[in-house]
Amino acid sequence: MRIVEFPSRAEWPDLVRRPSLDTFALYASVADILQRVRVQGDAALYDYTREFDGVELSELAVLNNEFDLAESLVPNELKAAISVAAANIEKFHMAESTASYEVETTPGVFCSKRWLPIERVGIYIPAGSAPLFSTVLMLAIPARLAGCREIVLCSPPQANGAIDPAVLYTARMCGVTKVFKVGGAQAIAAMAFGTETIPKVFKVFGPGNQYVTEAKLQIMRSGIGIDMPAGPSEVAILADETCEPEFVAADLLSQAEHGADSQVILVTTSRSVLAETLACIERQVAALPRSETARSALDNSTAVLVDSINTGLELLNHYAPEHLIVATENAQDDAEKIINAGSIFIGNYSCESAGDYASGTNHTLPTNGAARAYSGVSVLSFMKAITYQLITADGIKGLGPVIATMAAAERLDAHKNAVTIRLERLAKEGL
């Protein structure tokens with residue numbers, strides 16, 4: 001990790017810059033993939049699976065016998081853990097309000113809003129370096145709670161041509177309706193445009209690498225909704241002398257092991273905490289099976305020594321991390337001063353892994369600074385709202401002159417006429 005002591009505010013943008021690929025090359029490469037899938041459909045998906053995953057498939061769809069086999073391969077201990085996590089996730093997400101409501105804004109004018117499920121949604125489950133069955137829970141459960149009629153899942157196949165058993169087991173348990181063996185930008189294209197086998201969806205969800213994120217951004221131009229620009233994982237930690245450096249190191253590594261393009265940031269007011277944490281990282285990373293990946297991510301990462309907690313809070317609000325751990329003496333109060341973050345973990349025992357798996361909150365969160373404007377996935381992410389207005393004769397008589405005056409001021413005479421013609425009819429009928 002790069003170490004920076006007491007940086008000026010002018011240095012902050014460079015200090016927290018995320019790792020990225022060449023944007024022009026990335027855009028062009030993904031655009032080519034999307035166009036080929038749009039034109040060639042399944043044929044392109046088979047070719048890309050052979051090229052990128054090294055797998056020769058005879059069928060894109062996961063069949064019933066594959067779900068049955070997957071269920072038999074998942075250990076009972078893991079099944080029990082998944083059940084606990086699913087219950088917590090469902091409990092937290094069910095508390096979200098999706099209630100419709102009506103307001104009489106002025107006498108005789110009734111305005112209402114009704115939340116409806118998106119009919120067909122697509123969820124992407126990464127599996128390049130690790131199959132993220134936990135992401136199935138985070139996406140399929142709120143989709144089911146929202147009432148989505150069809151939940152389509154795409155995930156890259158393993159070397160044996162099958163999707164990871166835990167992913168399939170969790171998908172069936174959570175009510176996913178169709179699963180396909182497709183990964184990367186080509187999976188996003190397939191769900192956005194539809195192919196001979198994969199149905200077109202109306203909104204795409206799920207994290208992924210920069211190719212997946214770029215694909216999601218590009219399909220928006222075709223009118224397909226996306227959850228958010230959720231790219232490579234990141235975590236930031238604000239720590240003072242009351243933290244546990246061993247815990248801090250473990251939390252930093254828990255995100256660093258996601259991928260070489262992940263990023264972790266440590267912000268601390270204590271020089272000794274910084275030194276101890278770095279020493280703990282060296283001890284812990286050596287024992288990790290994914291140590292090489294974690295070390296690559298650490299090369300993208302920074303440890304920052306600041307002069308006060310308030311300075312650290314300002315820096316982190318500027319960074320807008322996907323995950324933020326606050327391990328300070330007044331962690332609860334400090335956490336409330338954060339306005340830009342995907343999800344916040346308060347205190348020494350609130351490890352980020354809890355949110356990734358089983359505490360109940362959603363782990364599909366905005367990255368790359370998008371937390372300044374985006375929220376994490378929720379039940380409402382899988383719904384859309386329609387507004388209604390019912391205006392009575394008395395209502396148009398009361399509100400009509402206001403509408404007519406405003407329309408005339410904007411020189412939109414047809415808008416004004418739509419009101420005055422009604423007012424004239426009411427006057428003629430003596431109403």
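The structure is a predicted model. The chain holds 17 helices and 14 strands, and buried residues account for 49% of its 431 residues.

**Overall dimensions and contacts**

- The C-alpha trace of the chain spans about 90 × 60 × 45 Å along its principal axes.
- The accessible surface of the chain comes to about 20000 Å², and carbon and sulfur atoms contribute 53% of that area.
- Of the contacts between residues at least 6 apart in sequence, 74% join residues at least 24 apart.

**The six-stranded sheet**

- An open sheet of 6 strands, paired in parallel, has the order β1-β11-β10-β9-β12-β13.
- Strands β1 and β13 (343-346) stand at the edges with a single partner strand each, so one side of each lacks a neighbour in the sheet.
- Neighbouring strands of this sheet are turned against each other by 15° on average, direction ignored.
- Strand β1 (residues 2-5) pairs with β11 in the parallel sense over 4 bridges; Arg 2 has Thr 302 as its bridge partner, and Ile 3 has Ala 303.
- Strand β10 also pairs with β11 in the parallel sense, over 4 bridges, and here Thr 268 stands opposite Leu 305.

- Helix α11 (residues 271-285) lies across β1, β9, β10 and β11, and runs at about 160° to β11.
- Helix α13 packs on the sheet as well, touching β9, β10, β11 and β12, and its direction makes about 170° with that of β9.
- Because 8 of the 11 residues of α13 (residues 309-319) are buried, this helix is largely enclosed by the rest of the structure.
- The buried residues of α13 are Ile 309, Thr 311, Gly 312, Leu 313, Leu 315, Leu 316, Asn 317 and Tyr 319.
- The cover over these buried residues includes strands β9 (234-239), β10, β11 and β12 (323-327), together with helices α1 (12-15) and α14 (331-335).
- Ala 320 follows α13 and has a positive phi, near 55°.

- Leaving aside residues up to four places away in sequence, Ser 262 touches Pro 19, Pro 232, Ser 233, Gln 255, Ala 256, Ala 297 and Asn 300.

**The five-stranded sheet**

- An open sheet of 5 strands, with parallel pairing, has the order β6-β5-β4-β7-β8.
- Its edges are β6 (178-181) and β8 (225-226), each with a single partner strand, so one side of each is left without a neighbour in the sheet.
- Strands β5 and β6 pair in the parallel sense over 4 bridges, and Leu 153 stands opposite Val 179 in β6.

**Nonpolar cores**

- In soluble globular proteins, nonpolar side chains tend to be buried together.
- The largest nonpolar core has 40 residues, of which Val 176, Val 179 and Phe 382 touch the most other members.
- Helices α4 (64-73), α5 (76-94), α6 (133-146) and α7 (165-174) and strands β4 (120-124) and β5 (150-155) each supply at least two residues of this core.
- Helix α6 provides the largest share of this core, 9 residues.
- A second, separate core of 33 residues includes Val 37, Val 152, Cys 154 and Val 204.
- Phe 382 touches Pro 117, Ile 118, Val 121, Leu 139, Pro 142, Ala 143, Ala 146, Cys 148, Phe 205 and Val 377, not counting residues up to four places away in sequence.

Definitions and conventions. Residues are numbered from 1 along each chain as its sequence is written. This is a predicted model: local features need pLDDT of at least 70, side-chain atom pairs count only at pLDDT 80 or more; totals for chains, interfaces and linings use all residues. Side-chain values use heavy atoms; hydrogens and water are left out. Contact means heavy atoms within 4.5 Å. A nonpolar core is a set of buried Ala, Val, Leu, Ile, Met, Phe, Trp, Tyr and Cys residues joined through side-chain atoms within 4.5 Å. Buried means under 20% relative accessible area, exposed over 50%, partly exposed in between (1.4 Å probe, protein chains only). Two strands pair if DSSP finds at least two bridges between them. Axes are lines fitted to C-alpha atoms, for helices over the stretch in contact, and angles run from 0 to 180 degrees between N-to-C directions. Accessible areas come from the Shrake-Rupley method with a 1.4 Å probe; for residues, only the protein chains shown count as cover.
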